[in-house]
Amino acid sequence: IANTPINNGSTTLYVRNIYDNAAIDTKRTELRNKVKEITDKYKSYSELRQEYEISDYIMDNATYDNDIVSKEMPSSSLSTSNPNYLEDEKKIAKENYSYFESHSAYGALMNGLCVCEGYSKALTLLLKQYGIESGIVKNDVHGWNYVKISDKYYHIDLTYDDAKDEKTPYPYKYFNITTDQMSVDHTWTTANIPSCTDTTFDNIFRKKAGSSIMGVNVVRVEDKLYSLEYVSGYNYNICKMDLDGSNKEVVKSNMDIQYLLKHDTDLYYTLYNSTSGTITIEKYDTTTGETSTFLDLKKEFGFTSGTWATSSYIKNDKIFVTFRIGGSSATAVTKEFNLNSGSIVSDLDKAVTAVIKAEGSKKQADVDSAKTLVNALEDGSDKDSLLQRLQVVQVSIDKTNSITNAINAVTKAE
């Protein structure tokens, strides 16, 4: 809607379509299919788990559109009384389609690019598919959501939680927040917003510190939360709990830990051991409870002694580590490490096991399965050797099949 001028006591609405009817139908179908694709994955979950999954999906797949955030809504400079006004409005709207898409659920879900309006509309649209009540709260410059989960109302601001994309250690700072804590740094003009008083999630994700809200480093792995809980000095516990904070237990205790991150079902954290002097990134497998050293940061960054500082984040199956040797004015070096590099050995082991099985059974199905695993390996001597072994097995199978076929042919001829 372009505007609502008053003419002789009546209101005239000027509607400007960015696309023609055929394009609108196409985009509507695209969006419906995307919504179904997303929401079908989580149908069997509880309301709370669905909210987590949908919130995380939007933040993982959408990025804030900084290019248009400061722009005014494109509109015609002509007077509404000008006979060319409506056509000029349509022309301008089409030329600036990206502006309007970034203010929509389509921009968030299909383009992966949006502003706060897109984040909040996408969340409302997706939660609606599960029958979860959600609305939009606004002021003059910003918008977010309220939601009703398990008969309790909360504010939730995906824009603020996704402000730094993958770089934030506080992805749930504004997740299911009370009116009391939300009002610390948010004001709103939307009327009749439900009162949000349940403090369950305030106690998990944030702390109120005077005129600001401080986030807590919490990550989610499926139906569990893992958080850094302060102990004393530089030491923290890693705690595991249900999605509502219940059944809390300590899985790693009293260690000098920084930056708790997650990738699939693994946790990664920086660990300083004051006794040995090591600085490492540790990997904690949440499915087995096993811990292993993923990176030796002193070795990777050539650090021997002195003051240091580090930070890290995960993006696209890689962990990005920034290491600064010396004071705050020292040059920081950032390196990236493939989180799947450790799986090469595992994939090789699987391929070797499959080849051994094929060599023992001499069955075509086993050879085919082994060949699939071997072909997926990185090029190199290991791969070449395994392919040669499979070729020997294949020759043996082909020879056996030839003999069998010949015997069958003779028997049939007799």
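In strand β13, K252 is the bridge partner of I238, and this pair belongs to the antiparallel pairing of strand β12 (residues 235-242) with strand β13 (residues 249-263), which runs over four bridges. Here helices (H or I, at least four residues) and strands (E, at least two) are DSSP runs numbered from the N terminus, and two strands are taken to pair if DSSP finds at least two bridges between them. The structure is a predicted model, in which local features need pLDDT of at least 70 and side-chain atom pairs count only at pLDDT 80 or more, while totals for chains, interfaces and linings use all residues. Residues are numbered from 1 along each chain as its sequence is written, and side-chain values use heavy atoms, with hydrogens and water left out.

The predictor's confidence in each residue is given as pLDDT, on a scale from 0 to 100. The mean pLDDT of the protein is 89, and 93% of its residues reach 70 or more. Over residues 342-346, by contrast, pLDDT stays under 50, and for this stretch the model has one contact beyond four places in sequence, a contact being defined by heavy atoms within 4.5 Å.

Strands β12 and β13 are part of an open sheet of seven strands, arranged in the order β10-β11-β12-β13-β14-β15-β16 with antiparallel pairing. The edges are held by β10 (218-221) and β16 (291-296), each of which has a single partner strand, so that one side of each is left without a neighbour in the sheet. On average, neighbouring strands of this sheet are turned by 45 degrees against each other, direction ignored, where the axes are lines fitted to C-alpha atoms, for helices over the stretch in contact, and angles run from 0 to 180 degrees between N-to-C directions.

Within the sheet, the hairpin of β12 and β13 has six residues between the strands, and G245 in this hairpin takes a positive phi near 90 degrees. Strand β13 also pairs in the antiparallel sense with strand β14 (residues 266-272), over six bridges, and Q258 stands opposite T270 in β14. The hairpin formed by β13 and β14 has two residues between the strands, with D264 in the turn showing a positive phi of about 55 degrees. Strand β15 (residues 279-285) is joined to β16 by antiparallel pairing over five bridges, and T291 in β16 is the bridge partner of Y284.

Helix α1 (residues 21-40) has 20 residues, which at 1.5 Å a residue should span 28 Å, and its end C-alpha atoms are 28 Å apart, in agreement with this value; the expected span is 1.5 Å times one less than the number of residues. In α1, L31, K34, V35, I38 and T39 are buried, where buried means under 20% relative accessible area, exposed over 50% and partly exposed in between (1.4 Å probe, protein chains only). The buried residues of α1 pack against α2 (47-61), α5 (105-111) and α6 (116-128), whereas the face turned away from the buried side carries the exposed residues A22, R32 and K36. One of the buried residues, T39, has a relative accessible area of 5% and touches I54, L126, Q129 and Y130, not counting residues up to four places away in sequence.

Outside these elements, N66 lies in the loop between β3 (63-64) and α3 (85-95) and counts as exposed, at 57% relative accessibility. N66 and D366 are 300 residues apart in sequence and 53 Å apart in space, C-alpha to C-alpha.
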